[in-house]
Amino acid sequence: MKYMLVIYIDEKMLDALPPGRYESMMRDCLGHADELRANGKLIESQMLEDPKTAKSVRVRGGRKSVVDGPFAEAKEVLGGFNIIEAENMEEATRIADYFPWSEVGCVEVRPIRDIGGVRERVFSEEAVAE
């Protein structure tokens, strides 16, 4: 089963790290990712740019708005993600334990829903007839 490890970072905690600690954490993270990829457990891994580079798009009442920044102010911001393959949630959380970002934020582990099953359901003859 596929799981997404969603990485949230508290920027104040990240900024408060002692000199060299971020680089050490990144080395650990990238080394762990390399091991997971070599073992067929890591499917995709990406970091996101700072929230200040984001745009949020909303449509309400037929009107579109585009604003700078993330959807809402938050103590922890989305920093990146990993898509992994694991037997179950227990294995997925064990894999997440090795990523260092829980020290300065959170690693959320979520099962990935099979979009193929959703596609079949919403395009079924019964659903289309509604």
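## Exercises on a nonpolar core and its helices

The largest nonpolar core has 21 residues, and those with the most contacts inside it are Leu 5, Ile 84, Ile 95, Phe 99 and Trp 101. Such a core is a set of buried Ala, Val, Leu, Ile, Met, Phe, Trp, Tyr and Cys residues joined through side-chain atoms within 4.5 Å. Buried means under 20% relative accessible area, exposed over 50%, and partly exposed in between (1.4 Å probe, protein chains only).

This is a predicted model, in which local features need pLDDT of at least 70, side-chain atom pairs count only at pLDDT 80 or more, and totals for chains, interfaces and linings use all residues. Residues are numbered from 1 along each chain as its sequence is written, and side-chain values use heavy atoms, with hydrogens and water left out.

**Exercise 1. Work out which side of H2 is buried and which residues lie on the face turned away from it.**

Step 1. Start with the span: H2 has 18 residues and reaches 26 Å from its first C-alpha to its last, close to the expected 26 Å. The expected span is 1.5 Å times one less than the number of residues.

Step 2. Now pick out the buried residues of H2, which are Met 25, Met 26, Cys 29, His 32, Ala 33 and Leu 36. They sit on the same side of H2 because they cover an arc of only 130° around the axis; the arc is that of the directions from the helix axis to the C-beta atoms.

Step 3. Turn to the face pointing away from the buried side, where the exposed residues are Arg 27, Asp 34, Glu 35 and Ala 38.

Step 4. Finish with the surroundings: the buried residues of H2 pack against E2 and H3. After H2 comes Gly 40, with a positive phi near 75°.

**Exercise 2. Trace the strand partners of E1.**

Step 1. Strand E1 (residues 2-10) pairs with strand E5 (residues 76-85) in the antiparallel sense over nine bridges. Two strands pair if DSSP finds at least two bridges between them. Tyr 8 has Leu 78 as its bridge partner in E5.

Step 2. E1 also pairs with strand E6 (residues 105-111), again antiparallel, over seven bridges. Here the bridge partner of Leu 5 is Val 109.

**Exercise 3. Decide whether Val 77 is buried or exposed.**

Step 1. Val 77 is found in strand E5.

Step 2. With a relative accessible area of 16%, Val 77 is buried. Not counting residues up to four places away in sequence, Val 77 touches Ile 7, Tyr 8, Ile 9, Glu 11 and Pro 51.

Notes:
Helix = DSSP H or I, 4+ residues; strand = E, 2+ residues; numbered from the N terminus. Contact = heavy atoms within 4.5 Å.
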